[in-house]
Amino acid sequence: MKKKILWYLAFFVVLTVGFWYFLYRDKDFSQSILPVINPNVQDFAFTNQNGKPFTEKDVEDKVYVAEYFFTTCKGICPKMNANMRRVFDAFKDEPGFLILSHTCMPETDSVPLLKGYEARMINGKLVMTADGSYKIDYDTNNHIPPVNPNWNFVTGDKTALYKMARQSYLIDNNKSDTANKIADQFIHTQFFALVDKQRRLRGIYDGLKEEEVQKLIDDIKELLKEKVTSKHFMNGFSNNPG
């Protein structure tokens with residue numbers, strides 16, 4: 001009788017250990033404490049500055065930052081993208097990271113214009129101004145092709161671009177847009193969206209504020225440490241990282 005009880009106890013211990021192993025085998029205990037703001041960034045299909053398709057498959061298992069701009073912008077875009085250049089410089093050698101800059105004016109920002117803008121952003125000289133902000137000085141005579149491993153400038157269908165900003169990245173400017181036609185609508189926002197390897201929105205940052213740019217860089221480092229080898233089991237329980 002005693003041996004039988006011991007056998008049942010041993011079987012119960014093995015069963016319990018097996019259950020917890022399968023429950024937590026995909027759990028990364030070093031995950032960031034950043035909250036999940038949107039658990040499901042939508043699929044997308046755009047065209048990048050090289051004229052190549054760029055879809056959700058290109059960001060699979062990568063951490064990325066998304067923003068909106070237009071190439072002829074003289075207001076917030078140069079300041080925003082000088083700060084984005086700092087993000088690029090910090091992670092240009094990181095294969096698990098990329099930047100996704102969407103045009104908010106696809107009717108004018110053609111692929112060649114995006115290619116020229118890429119050259120300005122990457123080949124230009126990053127300079128700190130007297131007030132502590134940054135700008136990019138670009139020599140128009142510099143025709144050296146930019147070395148760009150992970151900064152994509154994309155265009156595409158305006159409805160799809162704006163839907164991503166509003167429903168996936170949540171970085172619309174929050175101003176009511178009374179235009180009924182998509183052709184008359186305009187998103188102009190300084191916010192950056194941070195997306196993790198599972199295509200979940202994890203942070204929104206003001207691209208014009210130094211402290212938020214620094215926080216973005218720190219948070220990218222945290223998300224790059226996250227390792228989830230399989231999503232199907234744990235996601236059945238929760239969309240939260242912790």
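**Figure 1. Gln214, a residue of helix α5.** Gln214 sits in helix α5, which covers residues 210-225. Helices here are DSSP runs of H or I with at least four residues, strands are E runs of at least two, and both are numbered from the N terminus. The model shown is a predicted one, in which local features need pLDDT of at least 70 and side-chain atom pairs count only at pLDDT 80 or more, while totals for chains, interfaces and linings use all residues. Residues are numbered from 1 along each chain as its sequence is written, and side-chain values use heavy atoms, with hydrogens and water left out. Gln214 counts as partly exposed because its relative accessibility is 34%. For reference, buried means under 20% relative accessible area, exposed means over 50%, and partly exposed lies in between (1.4 Å probe, protein chains only). Look across from Gln214 to Asn83: the two are 131 residues apart in sequence, yet their C-alpha atoms are 9.6 Å apart in space.

Figure 2. The 16 residues of α5 should span 22 Å at 1.5 Å a residue, and the 24 Å between its end C-alpha atoms agrees with that. The expected span is 1.5 Å times one less than the number of residues in the helix. Buried in α5 are Val213, Leu216, Ile217, Asp219, Ile220, Leu223 and Leu224. Their cover includes β3, α2, β4 (97-103), β8 (191-195) and β9 (201-206), with contact taken as heavy atoms within 4.5 Å.

**Figure 3. Helices α2 and α5 side by side.** Two packed helices are described by the angle between their axes and the distance between the axes. The axes of α2 and α5 cross at roughly 30 degrees and come within 11 Å. α2 is therefore roughly parallel to α5. Axes are lines fitted to C-alpha atoms, for helices over the stretch in contact, and the angles run from 0 to 180 degrees between N-to-C directions. Angles under 35 degrees count as roughly parallel, over 145 as roughly antiparallel, 65 to 115 as roughly perpendicular, and the rest as oblique. On the α2 side, Asn83, Arg86, Val87 and Phe91 make the contact, and they meet Glu210, Val213, Gln214, Leu216, Ile217, Ile220, Lys221 and Leu224 of α5. By class, the contact of α2 with α5 has 7 nonpolar, 2 polar and 3 charged residues. Here Ala, Val, Leu, Ile, Met, Phe, Trp, Tyr, Cys and Pro count as nonpolar, Asp, Glu, Lys and Arg as charged, and the others, Gly among them, as polar.

**Figure 4. Helix α2 against helix α3.** α2 (residues 76-91) packs on α3 (residues 111-123) at an angle of about 60 degrees, with the axes 9 Å apart. These two helices are therefore oblique to each other, and α2 passes α3 in a right-handed crossing. From α2, Cys77, Asn81, Arg85 and Phe88 meet Tyr117, Met121 and Ile122 of α3. This contact has 5 nonpolar, 1 polar and 1 charged residues. The buried residues of α2 include Cys77, Asn81, Asn83, Arg85 and Phe88. In α3, the buried residues are Leu114, Tyr117, Glu118, Ala119, Met121 and Ile122, and they pack against β3 (63-69), α2, β6 (134-137) and β7 (151-155).

**Figure 5. Ile171 and its neighbours.** Ile171 lies in the loop between α4 (158-168) and β8. With a relative accessible area of 0%, Ile171 is buried. Leaving aside residues up to four places away in sequence, Ile171 touches Ala66, Glu67, Tyr68, Ala165, Thr189, Phe191, Phe192, Ala193 and Ile204. Phe192 is 21 residues from Ile171 along the chain, with 7.2 Å between their C-alpha atoms.

**Figure 6. Two loop residues with positive phi.** Most residues other than glycine have a negative phi. Asp61, in the loop between β2 (53-55) and β3, has a positive phi near 60 degrees. Asp61 counts as partly exposed, at 44% relative accessibility. Arg199 belongs to the loop between β8 and β9, and its phi is positive too, near 55 degrees.

Methods: Left-handed = near helix turned anticlockwise from the far one by under 90°.
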